[in-house]
Amino acid sequence: MKLKIPPLVVTFIFGLFMYLLATYLPVGYFDFFGRYYLMYVLLFLAFLIGVVSLVQFFSSKTSIDPRTPSKVSKLVTGGLYQYSRNPMYLALLLLLLSWGLYLGNAFNTLLAAGFVYYMNTFQIMPEEEALASMFGKEYQKYCVMVRRWF
């Protein structure tokens, strides 16, 4: 499998780029009423979605390491996974969006979009190939019924 960089490391790298952009780009600053409230809501949702999706994997006794899909013993399709095929990555995206609100630079939304592109291309698609080969028609049906992010 082509996966090399753990998703948490990718999130940290994008978060660092967001910080550098907000610090060194002289334009793009924004503020609005409720910005910090929205930031906290996104942060709470990121935490909630992340914890619930991890609990679902642990209770199913399957691997959470996306770099080794061969260790996956069960396809998790219930709970949050009936609404999103990748709630853990959705939680990471919400974390980055919350970070972007804290930093207050509008151009950070471009980096958040870059995170989605990177995850789709280098993380999710190789995972989906591996899961399709492991679970066959069951996984294909799941992909038709449930969206990738939300």
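## Helix packing and nonpolar cores

In this predicted model, helix α1 (residues 7-24) packs against helix α4 (residues 108-135) at an angle of about 160°, and their axes lie 10 Å apart. Angles over 145 degrees count as roughly antiparallel, so α1 is roughly antiparallel to α4. The crossing of α1 past α4 is right-handed.

On the α1 side, the contact is made by Pro7, Val10, Thr11, Phe14, Phe17, Met18, Leu21 and Ala22. On the α4 side, the partners are Asn108, Leu111, Gly114, Phe115, Tyr118, Met119 and Gln123. By type, the residues of this contact split into 11 nonpolar, 4 polar and no charged.

Next, the cores. The largest nonpolar core holds 22 residues. Tyr89, Leu94, Phe115, Met119 and Trp149 have the most contacts inside this core. Helices α1, α2 (35-59), α3 (87-103) and α4 each give two or more residues to the core. The largest share, 9 residues, comes from α3. A second, separate core has 11 residues.

| Core | Size | Residues named |
|---|---|---|
| Largest nonpolar core | 22 residues | Most contacts inside: Tyr89, Leu94, Phe115, Met119, Trp149 |
| Second, separate core | 11 residues | Including Val76, Met88, Leu131, Tyr142 |

Leaving out residues up to four places away in sequence, Tyr89 touches Pro7, Pro66, Phe115, Met119, Gln123, Ile124, Glu127 and Trp149. Among these partners, Phe115, Met119 and Gln123 also belong to the α4 side of the α1 contact. Pro7, another partner of Tyr89, is on the α1 side of that contact.

How values were computed
Residues are numbered from 1 along each chain as its sequence is written. This is a predicted model: local features need pLDDT of at least 70, side-chain atom pairs count only at pLDDT 80 or more; totals for chains, interfaces and linings use all residues. Side-chain values use heavy atoms; hydrogens and water are left out. Axes are lines fitted to C-alpha atoms, for helices over the stretch in contact, and angles run from 0 to 180 degrees between N-to-C directions. Helices (H or I, at least four residues) and strands (E, at least two) are DSSP runs, numbered from the N terminus. Angles under 35 degrees count as roughly parallel, over 145 as roughly antiparallel, 65 to 115 as roughly perpendicular and the rest as oblique. A crossing is left-handed if the near helix is turned anticlockwise from the far one by less than a right angle, and right-handed if clockwise. Contact means heavy atoms within 4.5 Å. Ala, Val, Leu, Ile, Met, Phe, Trp, Tyr, Cys and Pro count as nonpolar, Asp, Glu, Lys and Arg as charged, and the others, Gly among them, as polar. A nonpolar core is a set of buried Ala, Val, Leu, Ile, Met, Phe, Trp, Tyr and Cys residues joined through side-chain atoms within 4.5 Å. Buried means under 20% relative accessible area, exposed over 50%, partly exposed in between (1.4 Å probe, protein chains only).
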